[in-house]
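Please look over the model below before reading on.

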Amino acid sequence: MSGMGRRRFVSGISGAAAGAALWQGFTPGRASAQERALALTAARAVRTAGTTLEQAATPTGNGPYKRLVAGPGWPLVVRAELAGAASGRDDRRTGLASFVQFTDLHLTDTESPVRFEYLARYNDSAHRPQETLTVQGASSLVERVNQVRQGPYTGLPFSLVMATGDNTDNHERLELDWYLSVMSGGRITPNSGDLARYEGVQNSGSAQYWNPESSLQDVYKAKGLPQIPGFLGGAIRPFDAPGLRVPWYTTVGNHDDSIEGSLPDLGLLNDLYTGSRKVEGCDNATAAQLADAVLHNPGEAILLLSKLLTSGGAIRTVTPDERRHPFTPTEFAQAHLNPAYTGPGPVGHGFTQDTVGSGHLYYTFDLADGVLGISLDTTNRAGFADGSLGTGQLAWLESVLKAHSGRWYDADGHLVRGGSDGRLVVLFSHHTSTTMGNLLPDPYHPFEGRHGGDELVALLQRFPNVVAWVNGHTHTNQITAHGHAVPERAFWEINTASHVDYPHHARIIEVADNRDGTLSLFTTLIESAAPYRTDFTDTSDRGLAALYRELAYNDPYGTPAARMGAAADHNTELLLTRPAT
């Protein structure tokens with residue numbers, strides 16, 4: 001399909017027919033900008049079905065609790081900051097790669113003793129009303145990828161899915177098992193401790209949490225959240241995850257290697273993880289102090305948490321569970337090599353026995369013919385949520401880029417001709433260029449230097465074949481143009497919102513050669529396969545996946561409008577100068 005002209009693109013494609021008619025039917029000057037943009041989108045698209053080009057979740061209603069419905073699709077926005085948009089490129093275009101990014105799934109053991117739900121009013125990620133449904137929600141996102149199957153603009157089948165970190169919420173072995181099962185398929189029981197009942201804060205009887213099965217008038221119900229009989233029973237019910245039908249890879253995030261993504265895991269709280277004492281509340285002064293320490297003083301936070309367990313905290317007894325034990329980086333890699341989780345492949349999903357031996361969670365892989373993928377580990381085990389790169393990994397990255405670049409620029413800006421492999425490069429990491437300022441020494445490599453986002457951007461701009469850096473962490477849709485005085489040294493940074501906080505997006509990314517000296521990177525957001533309309537009496541797996549999305553929108557501590565991003569961060573065509581070979 002990649003060499004087809006525009007007319008053939010449109011013909012025979014069910015999702016484009018209405019848009020093509022709109023393109024022909026409106027009167028210039030009278031149609032709205034959105035109508036013109038949607039028509040242009042349809043004229044260019046191979047297939048819009050199942051993407052936000054076709055429809056997107058839209059809030060409705062006048063009360064405090066908004067219901068979601070299927071709203072109009074979002075248009076394509078052409079971004080030409082880095083290269084000109086030459087006419088006729090739609091008819092010349094050749095597809096090079098098509099893949100999907102998942103990010104920040106945060107599969108959450110909500111009954112774990114090492115959680116800070118009582119800090120929600122200070123930190124919106126400490127507790128979410130929808131978090132008991134993360135596993136069902138992620139599985140529904142997998143279903144969507146299985147349905148869509150191909151990029152809407154190139155028509156190329158997806159070569160893979162890359163999950164760019166925070167795949168677990170509190171780096172527990174159990175959460176990791178859930179993640180691997182969601183991606184590869186299998187039977188999942190999204191519950192811990194006593195598997196016959198729920199033992200988390202959402203049946204605590206405390207008014208500071210949403211108690212969905214109770215008539216208690218808690219602070220969440222005061223904001224309009226409903227009472228849903230059978231909600232928690234449905235949330236912990238075993239179900240069969242279909243798993244992806246395409247290969248998938250993993251990038252590590254800070255929630256995959258530290259306590260609540262912020263505190264260094266030095267083994268001090270392992271007994272708390274697997275024990276029976278769960279803090280469900282504390283006085284306001286202690287909560288404020290702990291919330292500040294989590295952000296600014298990880299060592300103090302661990303001491304305060306330990307103190308809460310012995311005095312001053314509201315303690316709940318839960319069923320101990322050894323599966324809650326936190327995993328190490330080595331165990332993280334080893335789990336991916338378990339044959340039970342191979343699914344559609346590849347074995348290890350990017351990790352190898354060499355990874356297990358070294359503990360280095362970064363690697364290269366073939367993204368498509370002529371396109372190299374590089375997955376980085378930007379986490380810093382010293383604590384704090386933000387990241388950086390160690391000197392060893394930065395040197396490794398530079399060596400890889402040189403080996404796969406026919407030409408590059410040295411640090412002084414001089415052109416160098418070198419490696420014989422001139423493949424395009426797409427980089428993946430959890431952190432963004434602006435969230436890599438955590439330069440504290442890694443306690444496991446205390447004498448190694450750390451390097452931030454600006455230094456990484458400067459390195460990438462030395463290699464013209466780097467076309468994109470794809471990442472997560474911020475839970476926000478944002479696409480950034482990293483320009484340069486030498487056009488071929490520019491690249492795009494593509495940051496996608498999470499699948500735990502609304503808007504619950506993943507992103508299709510396609511790379512195409514326009515055969516006019518430019519490349520186009522198409523980014524298309526997708527939502528899960530769950531219905532937009534919810535039914536408070538439906539606690540089936542499908543019904544719960546729909547509630548997962550709607551509850552996230554209505555989280556009183558959430559910021560959906562800020563996380564959504566602008567139209568230029570959604571469905572885009574990102575133009576780029578094609579690097580010379």
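Predicted model: local features only at pLDDT ≥ 70, side-chain atom pairs only at ≥ 80, totals over all residues.

1. Every value here is computed from it.

2. Helix α13 covers residues 391-403. Its 13 residues, at 1.5 Å a residue, should span 18 Å.

3. Which residues of α13 are buried? They are Gln393, Leu394, Leu397, Val400 and Leu401. These residues cover an arc of only 125° around the axis, so they sit on the same side of α13.

4. Leu266, Leu268 and Tyr444 make up a nonpolar patch on the surface. Together they have about 320 Å² of accessible area. Tyr444 belongs to the loop between β16 (424-428) and β17 (450-451). Its relative accessible area is 39%, so Tyr444 counts as partly exposed.

5. Check the peptide bond between Gly345 and Pro346: it is cis, with omega about -10°. Pro346 lies in the loop between α11 (329-336) and α12 (353-358).

6. Asp104 has a positive phi, near 50°, and is not a glycine. This residue is in the loop between β4 (94-102) and α5 (134-148). Is Asp104 buried or exposed? Asp104 is buried, because its relative accessible area is 0% and the cut-off is under 20%.

7. Arg515 also has a positive phi without being a glycine; the value is near 60°. Its loop runs between β21 (506-513) and β22 (518-526). Arg515 has a relative accessible area of 53%, which means that it is exposed, the cut-off being over 50%.

Notes:
Residues numbered from 1 in each chain as written. Heavy atoms only, no water. Helix = DSSP H or I, 4+ residues; strand = E, 2+ residues; numbered from the N terminus. Expected span 1.5 Å × (residues − 1). Buried < 20%, exposed > 50% of the residue type's maximum accessible area, 1.4 Å probe, protein only. Arc of directions from axis to C-beta. Patch = residues over 30% accessible without salt bridge, like charges linked within 9 Å, V, L, I, M, F, W, Y side chains within 5 Å. Areas by Shrake-Rupley, 256 points an atom, 1.4 Å probe, with all protein chains shown as cover. Salt bridge = Lys/Arg side-chain N within 4 Å of Asp/Glu carboxyl O.
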